[in-house]
Amino acid sequence: MAKKLAGTMKLQVPAGQANPSPPVGPALGQRGINIMEFCKAFNAKTQDMEPGAPCPTVITYYSDKSFSMDIKTPPASFYLKKAAGLKPVGKRNRPKGAALPGRETIATVTVAQVREIAEAKMKDLNANDVEGAMQIILGSAKSMGIEVK
């Protein structure tokens, strides 16, 4: 017999850096999920990814306190900022996009870099081929104030 589904939740956790401190611990604890078990499983699955890359994770938890997780690729904005070589700024020490996208350009990336990003994100994008995925990445770049040459 199948397990009884209790719910799902989404978290964005840095690759290889899941720990029981906030925001991960309280989010899992209030749903009855074993925090240390999640942290060990998540860190094991993301050990081959770039450390610190934000990984959107969908956690499905069941009434018997077990869970399963689906780890997606980091957001396109993360890859675009990395390809553009943007330096960290602000309170959280993260790179930012343009204040007025469409009017100002903060960086440039090449078409080859966009293709590389599209190929890396292909399994998480709603596209039939690499060209369609590149159009999605181009849209993200434009909305961040990054020019593609």
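Tutor: Leaving aside neighbours within four places in sequence, L28 is in contact with M9, L11, I33, I35, F38 and I59. The model is a predicted one, and the contacts of L28 rest on heavy atoms within 4.5 Å.

L28 belongs to the largest nonpolar core, a set of 19 residues, and is listed with M9, F38, F42 and I59 as having the most contacts inside that core. At least two residues of this core come from each of β1 (5-14), α1 (24-29), α2 (35-45), β2 (54-62) and β3 (67-71). Another core lies apart from it; that one has 18 residues, including Y79, A84, A133 and A141. In soluble globular proteins, nonpolar side chains tend to be buried together.

The structure holds three aromatic pairs.

Of its 149 residues, 32% are buried. Among contacts with a separation of 6 or more, 60% join residues 24 or more positions apart. The C-alpha trace spans about 55 × 40 × 25 Å along its principal axes. The accessible surface comes to about 9200 Å², and carbon and sulfur atoms account for 52% of it. Finally, the protein chain carries 21 positive and 12 negative side chains, with the centres of the two sets 9 Å apart.

Note on methods: Residues are numbered from 1 along each chain as its sequence is written. This is a predicted model: local features need pLDDT of at least 70, side-chain atom pairs count only at pLDDT 80 or more; totals for chains, interfaces and linings use all residues. Side-chain values use heavy atoms; hydrogens and water are left out. Buried means under 20% relative accessible area, exposed over 50%, partly exposed in between (1.4 Å probe, protein chains only). Accessible areas come from the Shrake-Rupley method with a 1.4 Å probe; for residues, only the protein chains shown count as cover. Lys and Arg count as positive and Asp and Glu as negative; His and the chain ends are not counted. The place of a charge is taken as NZ of Lys, CZ of Arg, CG of Asp or CD of Glu. Rings of Phe, Tyr and Trp (its six-membered ring) pair if their centres lie within 6.5 Å; planes under 30 degrees apart count as stacked, over 60 as edge-to-face and the rest as tilted. A nonpolar core is a set of buried Ala, Val, Leu, Ile, Met, Phe, Trp, Tyr and Cys residues joined through side-chain atoms within 4.5 Å. Helices (H or I, at least four residues) and strands (E, at least two) are DSSP runs, numbered from the N terminus.
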